[in-house]
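Subject: Structure handover

Hello,

Here is the structure I promised to pass on. Please open it alongside these notes.

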Amino acid sequence: MAAMAALQSSMSSLSISSNSFLGQRLSFPSFSPVTVKPTDKPCLIVARLKRWERKECKPNSLPILHKMHVKVGDTVKVISGREKGKIGEITKVFKHNSTVIINEINLKTKHVKKREEDEQGQIIKIEAPIHSSNVMLYSKEKEVASRVGHKFLDDGKRVRYLLKTGELIDSSENWKKLKENKDKEKTEVAAAS
């Protein structure tokens, strides 16, 4: 403690020459315990995703995830944009910016460079994301697009349903089909590698 006080007093007596920093004296903060008061408003932290796109984050730097009316495996109809009127199945959902990828819809061209000397460069088509507000759930049986509603079943389970047709979206059969497809993909990936 005495060494700290001696260091503090010697540092406070130092001054810088007039040609640098306009002759201002150096000031060092005191080494006394400081109490920090919690603020009412947490600071807004913005994480850097890409140069042109920002995603908002919570104070703990985790991204804010938005609630969406669609999930992976839902059949949807595009209601606005270049692909308006097309119907497809959702393959991927991005909750941090409320976008979805639909199978074989909104295809973009990507030029891929060659990675090895004997390999050729190629032009491939990839599915670009679409904002979730531009898609609407679709009924294959009635061939109609509808908004989504929520209700509780007799067993207390909360499910989604189509408002126009009353058709349940989150039925147990749909979940079984979705799980089987995921299991098939995992086995195919494991067999390929």
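The charged end of Lys151 sits over the ring of Tyr161, 4.8 Å from the ring centre. The test for this is NZ of Lys or CZ of Arg within 6 Å of the ring centre and within 35 degrees of the ring normal. A search of the whole structure for aromatic pairs finds 0. Such pairs are rings of Phe, Tyr and Trp (its six-membered ring) with centres within 6.5 Å; planes under 30 degrees apart count as stacked, over 60 as edge-to-face and the rest as tilted.

A word on the source. This is a predicted model, where local features need pLDDT of at least 70 and side-chain atom pairs count only at pLDDT 80 or more, while totals for chains, interfaces and linings use all residues. Residues are numbered from 1 along each chain as its sequence is written, and side-chain values use heavy atoms, with hydrogens and water left out.

Now Arg160. This residue lies in strand S12, residues 158-162. Strands (E, at least two residues) and helices (H or I, at least four) are DSSP runs, numbered from the N terminus. Arg160 counts as buried because its relative accessibility is 4%. The cut-offs are under 20% relative accessible area for buried, over 50% for exposed, and partly exposed in between (1.4 Å probe, protein chains only). S12 as a whole is mostly covered, with 4 of its 5 residues buried.

The side chain of Arg160 makes a polar contact with the side chain of Asp74, at 3.0 Å. That term means a pair of N or O atoms within 3.5 Å; within protein, one must be able to donate a hydrogen and the other to accept it, and residues adjacent in sequence count only if both atoms are side-chain atoms. Beyond four places in sequence, the contacts of Arg160 (heavy atoms within 4.5 Å) include His69, Leu137 and Glu167.

S12 pairs with strand S11, residues 148-152, in the antiparallel sense over 5 bridges. Pairing requires at least two DSSP bridges between two strands. His150 stands opposite Arg160. S11 and S12 form a hairpin with 5 residues between them, and Gly156 in the turn has a positive phi of about 90°.

Elsewhere, 6 strands form an open antiparallel sheet, in the order S8-S5-S4-S3-S9-S10. Its edge strands are S8 (130-131) and S10 (144-146). Within it, 4 bridges join S4 (residues 87-94) to S5 (residues 99-102). Ile90 has Ile102 as its bridge partner in S5.

Overall, the protein chain has 2 helices and 12 strands. Of its 193 residues, 19% count as buried.

Best wishes
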